[in-house]
Amino acid sequence: MMYDSTLYSVGRDAELLIGQELYFIPQPEELQKFGYQGFYKKYEYTDNSLAETRTYSLFANKTFLVEEVLPCISTRKYYKTSLVLKLKETSSETIYYYLYDWDYSPLHP
């Protein structure tokens with residue numbers, strides 16, 4: 001099944017994103033200073049909000065391939081419904097991990 005974010009959110013069915021490309025739409029200039037939330041350079045860092053990578057330029061105008069959906073390793077109560085998406089930037093093959101919470105899917109970039 002082909003996922004189209006303009007039609008619906010995958011919600012709990014995050015596995016539908018595997019093999020799909022995600023393009024990060026540029027944000028308005030006044031929001032760029034906040035970057036994108038929920039991204040980590042290593043899977044094991046997803047349990048530490050201080051290790052979050054928010055740098056706007058790392059994601060804006062770039063395309064990422066969803067390679068895998070992993071279980072969330074965070075022990076924090078807030079992330080009890082979360083999964084982790086393993087993303088590979090298509091131009092550089094850099095890997096990032098995104099903390100995906102289906103309860104808050106409208107907030108995803």
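1. Basis. The model is predicted: local features need pLDDT of at least 70, side-chain atom pairs count only at pLDDT 80 or more, and totals for chains, interfaces and linings use all residues. Residues are numbered from 1 along each chain as its sequence is written, and side-chain values use heavy atoms, with hydrogens and water left out.

2. Strand pairing. Strands here are DSSP runs of E of at least two residues, numbered from the N terminus; two of them pair if DSSP finds at least two bridges between them. β3 and β4 run antiparallel and are joined by 7 bridges. V69 has L85 of β4 as its bridge partner. β4 also pairs with β5, again in the antiparallel sense, over 7 bridges. In that pairing L83 stands opposite Y100 of β5. The hairpin of β4 and β5 has 5 residues between the strands, and E93 in this hairpin takes a positive phi near 65°.

3. Burial of β4. Buried means under 20% relative accessible area, exposed over 50%, and partly exposed in between (1.4 Å probe, protein chains only). Because 7 of its 8 residues are buried, β4 is largely enclosed by the rest of the structure.

4. Nonpolar cores. A nonpolar core is a set of buried Ala, Val, Leu, Ile, Met, Phe, Trp, Tyr and Cys residues joined through side-chain atoms within 4.5 Å. The largest has 18 residues, of which Y36, F39, F59, L85 and L87 touch the most other members. The elements giving two or more residues to this core are β3 (63-71), β4 (82-89) and β5 (95-101). A second core of 6 residues is separate and includes Y40, L70, C72 and Y97.

5. K86. This residue is found in strand β4. Contact means heavy atoms within 4.5 Å. Leaving aside neighbours within four places in sequence, K86 is in contact with L65, V66, E67, E68, L70, I95, Y96 and Y97. L70 and Y97 are also among the members of the second core. The C-alpha atoms of K86 and K42 are separated by 9.5 Å, the two residues being 44 apart along the chain.

6. E89. Also in strand β4, E89 counts as buried because its relative accessibility is 6%. Its side chain makes a polar contact of 2.9 Å with that of S91; such a contact is a pair of N or O atoms within 3.5 Å, where within protein one must be able to donate a hydrogen and the other to accept it, and residues adjacent in sequence count only if both atoms are side-chain atoms. Not counting residues up to four places away in sequence, E89 touches K62, T63, F64 and T94.

Terms used: Helix = DSSP H or I, 4+ residues; strand = E, 2+ residues; numbered from the N terminus.
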